[in-house]
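Thank you all for making the time this morning. I would like to walk you slowly through one protein, and I ask you to keep the picture in view while I talk.

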Amino acid sequence: MRPLWYRNAVIYQIDPSLFRDSDGDGCGDLRGVTERLDYVRGMGATAIWLMPIYASPFRDAGYDVSDHMAVNPRFGDLADVVALLEKAEELGLHVILELVVQHTSDQHPWFQQARRDRNSRYRDYYIWSDTPLETDAEPIFPTIEEEVWRWDEEAGQYYRHLFYRHEPDLNLANPQVIEEIERIMSFWLRLGVSGFRVDAASHLIEQAGRGEVQDGVWLLDHLRDFATLRRPEAILMGEVDIEPEGYVHYFGAGDRLTLLLDFWVNNHLYLSLARGEAEPLHRAVASQPVPPARAQYAVWLRNHDELDLERLSDAEREEVMRAFAPDPDMRAYGRGIRRRLAPMLGGDQQRLALANAILFSLPGTPILRYGEEIGMGDDLSLPERLAVRTPMQWSDEPNGGFSCARPEVLVAPPIAEGPFAYGTVNVYTQSLVSDSLLAHTSNMIRTRIGLTEIGSGTYRPVKVDCPSVFAIRYDGDSTLLMLANLSAQEVEVQVQEDDLQDFADILADSLYEQSQGHPLHLRLRGYGYRWLRRRQQLFG
């Protein structure tokens, strides 16, 4: 059996509009992504996740799709997609696209025909009502949209929209809609993509089950079967922001979602960072279910949205907010933080490296958003989630090397002032420094790729006698111990495991004296990290 490529993958998330402008029109494009794939592979990443590249009015960063099988002209054309896929294959990179089928743009031909004619086949592609129906569903953006029903004058009915009013919800209980989704998936899989990130997966299933998750899981069964029959290596990575007890519906027996985006661990990681204590993260990892065979978690620090903290209690959420978003303008939708990681951690390079070390030590497939490897900042003058959507900072050249266009035509302004300005924080400068965040992060990625016990072994948090230290062990063909000190103070810890002895560092924030005895006594600098293996297994 071929190894499952996602087991030990590292995924790099790219916003094509903000990554690299190849033609000088002010907007990033697919050719620009292709030109920078060598950089991505050089860091050690094995897959890229592209944010939407489809035809769209682009009122919601492309998640308002108007044609799922057409490339948005701002990015190029289908030939550019093929060229990107060919270059990615040459470099050994898998390519993941977005599957945005919980809703469409209100400019989609399906919706335009649906609103014009009650007897159109497309009318039942969406969810309509003569009056706003009572529902448990609440607006995803409660400070922007007051309700989920919107009157459409032309249709003479209300349509449902969980997201923005210009994104009507699809009726996923309609077999004809499922056939459309099959056509979309087949089109991109035949071109050579390695799978999809399933946007709003939990809402998708509820809509397929007419409000009941258990009645809608058939859709995940169907989509997984459909994808793997056409491309056996294809994955489905689902956005599922729910409590862990509900994960069973999305994993199934390992035959539904391949990767489940782990909001539970993500939220508790930030609680640990805010407190400087490992307990919340230890508890989160230990309390969630072990994924079934052929499925696992996907973990990350920041993505393209707000840092959604809904899995925390009200008191815990406010604790994280006070630590990392003390100004109300740093918050979004009453539940999250609209900042990048580096500003949240005060630009502390040692603490940023620690956060990345924790990310790559967690069980699951790590995802790194573009720019996190160099500690990019945010632009709070931009509205809502756009604060974290600024151009990639390649160099100290004009526009950060993102584009040669005039500043006034750029798709978004680069960060040009302050401690995170492109003149200071950029790839070129950090590539020349052996002790830069980029160098440390790249080293972590390359080391992580070789640690197959994370992807295929068993794991559990490890007790140590220091509250600031997160520790986790993996057992497979070898035994791996990974530790991270969330405190600024240097500590010495004793690892309380009877069978852990004769270990040596394979990655650390600095050189440490190796522990020879039993039990293990280990020193960690402030915000330090150490990954260790048994000596006899270092090269085996």
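Let me begin with a term: a disulfide, as I use the word, is a pair of cysteine sulfur atoms within 2.5 Å. What we have here is a predicted model, in which local features need pLDDT of at least 70 and side-chain atom pairs count only at pLDDT 80 or more, while totals for chains, interfaces and linings use all residues. Residues are numbered from 1 along each chain as its sequence is written, and side-chain values use heavy atoms, with hydrogens and water left out.

How many disulfides does the structure hold? The number is zero, and Cys27, to take one cysteine, has as its nearest cysteine sulfur that of Cys404, 13 Å away. Seen from the other end, the closest cysteine sulfur to that of Cys404 is in Cys27, and because the distance is 13 Å, the two are too far apart for a bond. As for their surroundings, I call a residue buried if its relative accessible area is under 20%, exposed if it is over 50%, and partly exposed in between, using a 1.4 Å probe and protein chains only. By that rule Cys27 is buried, at 8%, whereas Cys404 is exposed, at 71%.

Now to the overall picture. Along the principal axes, the C-alpha atoms fill a box of roughly 80 × 50 × 50 Å. Of the 540 residues, 63% count as buried, and the protein exposes about 20,600 Å², with carbon and sulfur atoms supplying 48% of that area, as computed by the Shrake-Rupley method with a 1.4 Å probe, where for residues only the protein chains shown count as cover. If we say that contact means heavy atoms within 4.5 Å, then among contacts between residues at least 6 apart in sequence, 68% join residues at least 24 apart.

The secondary structure comes to 18 helices and 23 strands; these are DSSP runs, numbered from the N terminus, with helices (H or I) of at least four residues and strands (E) of at least two. Strands of a sheet pair through backbone hydrogen bonds, either parallel or antiparallel, and I count two strands as paired if DSSP finds at least two bridges between them.

Is strand E19 (residues 479-485) enclosed or open? Seven of its seven residues are buried, so E19 is largely enclosed by the rest of the structure, with Thr479, Leu481, Leu483 and Asn485 on one side and Leu480, Met482 and Ala484 on the other. Seven bridges join E19 to E18 (residues 469-475), and Ala471 has Leu483 as its bridge partner; the two strands form a hairpin with three residues between them. Towards E23 (residues 529-534) there are five bridges, and there Ala484 stands opposite Tyr529.

Another open sheet has three strands, in the order E6-E8-E7, again with antiparallel pairing. E6 and E8 (residues 157-160) pair over two bridges, and Trp128 has Tyr159 as its bridge partner in E8. Helix H5 (residues 109-116) has as its buried residues Trp110, Phe111, Gln112, Ala114 and Arg115, and what covers them includes E6, E7, E8 and helix H6 (175-191).

I will finish with a loop. Gly254 is found between helix H10 (248-251) and strand E11 (259-261), and Gly254 is buried, with a relative accessible area of 6%. Leaving aside neighbours within four places in sequence, Gly254 is in contact with Arg224, Pro292, Ala293, Arg294 and Ala295.
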